[in-house]
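Please go through the structure below term by term. For each label, I would like to see the cut-off that it rests on and the values that are set against it.

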Amino acid sequence: MLALALTVVLSPFVSWGQDDLMNFFGEEEKPTVVTSAFKAGRIINVQSPETCGEGEMNFIIAHRFGRLSDGWYDLFGLDNAQMRMGLDYGITDRIQVGVARSTFGKTLEGNLKWRFLEQMNGGGSPVSLTGYSVAMRDGLRLPEDGIERKGVHRMSYVHQLVITRKWSPEFSLAVIPSLVHRNLVDRPDRPNDVSTLGVGFRYKLNRRMSVNGEYHYLLPRPIEDGLHNSLSLGLDIETGGHVFQLHVTNSRGMFERAFLAETPGRWQDGDLYFGFNINRVFQVRETR
Amino acid sequence: MRNFTLLLTLCMWASAGHAQRFVTRDAQISFLSETPLEDIQAESLAASAIFDMATGELAFQAPILSFHFPKALMEEHFNENYMESEQFPKASFRGVVAGLVPDKEGEQMVTVTGTLDMHGVAKERAIEGTMTRDGEWWIVASQFEVACEDHDIDIPKVVSENIAEIIGVTLRAELKLK
């Protein structure tokens with residue numbers, strides 16, 4: 001009886017005493033931002049939700065080689081490459097501007113990316129939302145066909161929304177609707193506006209490597225003859241200040257209009273291009 | 001019997017009333033990795049600490065995501081590659097203070113023996129520091145070292161010249177009577 005009474009009287013105090021110290025820490029739980037859904041600014045071709053940190057500059061050099069099906073003569077495409085060089089800069093941790101130049105179509109681009117909603121842990125948004133807009137200028141010499149063209153006719157634009165959820169530390173998934181607008185198209189059956197719906201993912205193999213993929217489905221159907229959906233698969237390798245992205249894709253152009261709306265190749269026909277992106281980050285302004 | 005229970009309850013109440021707790025939510029913890037090539041420093045101003053004067057228990061907890069670096073990329077690597085902060089969001093230390101004279105004003109050297117839990121690995125540690133009583137405040141300060149290896153924090157060879165194997169930690173907390 002005494003023992004029982006003792007236990008009853010003592011137990012609340014004992015447990016209260018232990019829990020309380022931990023309770024103090026428990027009370028402070030605040031929602032935290034989910035970071036690093038992807039490693040680089042691009043999943044492969046398409047934008048990921050990642051931007052440069054404030055004051056950071058990212059130099060991206062990317063190549064897409066020739067067709068793998070070209071065989072030994074072109075060393076499976078390695079003999080000829082398309083290149084894109086880009087510079088991105090983080091104005092804040094969530095707003096980034098960039099410029100780039102591609103050999104493909106001698107295209108110059110300017111872009112703006114804004115991750116305006118963060119995914120939160122412990123209350124808040126379940127996804128992050130990132131807007132991306134890019135203006136592209138075709139730089140090829142105009143054909144002398146008697147048709148008058150102005151500077152604006154060289155321009156095309158892509159706007160997209162990157163909806164991302166990092167499901168686990170290993171797996172992130174993005175859904176990416178895009179709108180492509182071309183001021184001038186060179187074929188009568190080619191619409192000025194094309195929209196696509198894309199998905200992209202990352203699966204981390206370990207702390208430094210991940211498998212990435214993306215697929216863009218052209219809307220609306222039926223699509224222009226000879227064009228196909230873009231499918232890319234790749235591997236991200238991170239080594240301190242660099243991220244190396246190696247991949248195989250059926251899209252050779254590295255700016256949005258080209259790979260979203262103007263992909264002529266098909267995987268099943270062997271129209272595959274090996275390529276890489278190398279991302280190198282510099283801190284040009286220390287801000288914290 | 002009833003009297004005994006009453007007495008016991010009173011005793012417990014009395015001791016519970018004595019349990020003076022000092023707390024803070026904005027303790028400052030910084031660390032420094034020094035190598036000939038590069039010094040890397042980070043700081044958190046969001047650690048919590050609690051000190052129970054009755055039991056001598058002292059506990060700290062720091063959210064790993066609250067450590068900020070001068071460069072965004074360092075912070076990303078810290079969270080993603082080294083601390084794996086999504087899996088192990090907090091570092092904590094819980095120990096018992098030895099050598100403290102509770103009512104003495106001024107600085108006192110103390111040793112706190114307990115468990116340092118970081119990156120999912122708990123280590124028994126005896127950490128030296130100072131505690132200073134100032135009315136209803138306790139100022140706790142310490143400098144100690146943490147070996148990455150002790151907590152399974154793997155530093156690959158490529159960056160071993162940039163990141164120190166032994167990290168110096170500096171801590172300062174002003175705990176107020178709750």
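A: Two strands are said to pair if DSSP finds at least two bridges between them. The elements themselves are DSSP runs, numbered from the N terminus: helices are H or I over at least four residues, and strands are E over at least two. The model is a predicted one, in which local features need pLDDT of at least 70 and side-chain atom pairs count only at pLDDT 80 or more, whereas totals for chains, interfaces and linings use all residues. Residues are numbered from 1 along each chain as its sequence is written, and chains are lettered from A and ligands numbered from 1 in the order in which they are written.

Q: What makes strand β8 and strand β9 of chain A a pair?
A: Nine bridges join β8 (residues 155–166) to β9 (residues 171–182) in chain A, the two running antiparallel, so the pair meets the requirement of at least two bridges.

Q: Which strands of chain A close into a barrel, and in what order?
A: The barrel of chain A has 12 strands, in the order β2-β3-β4-β5-β7-β8-β9-β10-β11-β12-β13-β14, with antiparallel pairing. On average, neighbouring strands of this sheet are turned by 20 degrees against each other, direction ignored; the axes behind such angles are lines fitted to C-alpha atoms, for helices over the stretch in contact, and angles otherwise run from 0 to 180 degrees between N-to-C directions.

Q: Which strands pair with β14 of chain A, and over how many bridges?
A: Strand β2 (residues 56–67) of chain A pairs with β14(A) in the antiparallel sense over 10 bridges, and A:Asn58 has A:Val281 as its bridge partner. Strand β13 (residues 242–249) of chain A pairs with β14(A), also antiparallel, over eight bridges, with A:Phe244 opposite A:Ile278.

Q: Why is chain A said to be more spread out than a compact globule?
A: The chain comprises two helices and 14 strands. Its radius of gyration is 25 Å, well over the 19 Å that the globule rule gives for 288 residues, so chain A is more spread out than a compact globule; the radius is taken over C-alpha atoms, and the rule is 2.2 Å times the number of residues to the power 0.38. The C-alpha trace of chain A spans about 105 × 40 × 40 Å along its principal axes, and buried residues make up 36% of the chain.

Q: How many residues does each chain give to the contact between chains A and B?
A: The contact takes 28 residues from chain B and 23 residues from chain A, where two residues are in contact if their C-beta atoms, placed from the backbone, lie within 7 Å. On the side of chain B that touches chain A, α2(B) gives the largest share, six residues.

Q: Which residues touch the most other members of the largest nonpolar core?
A: Such a core is a set of buried Ala, Val, Leu, Ile, Met, Phe, Trp, Tyr and Cys residues joined through C-beta atoms within 7 Å. The largest has 30 residues, of which B:Ala27, B:Ala49, B:Phe51, B:Phe60 and B:Leu175 touch the most other members. Apart from this core lies another, of 26 residues, including A:Ala37, A:Ile60, A:Met136 and A:Met254.

Q: How many helices and strands does chain B have?
A: Chain B has two helices and eight strands, following the pattern α-β-β-β-α-β-β-β-β-β along the sequence. Of its 178 residues, 25% count as buried.

Key: A residue is buried if 20 or more other C-beta atoms lie within 10 Å of its own, exposed if 12 or fewer, and partly exposed in between; C-beta atoms are placed from the backbone.
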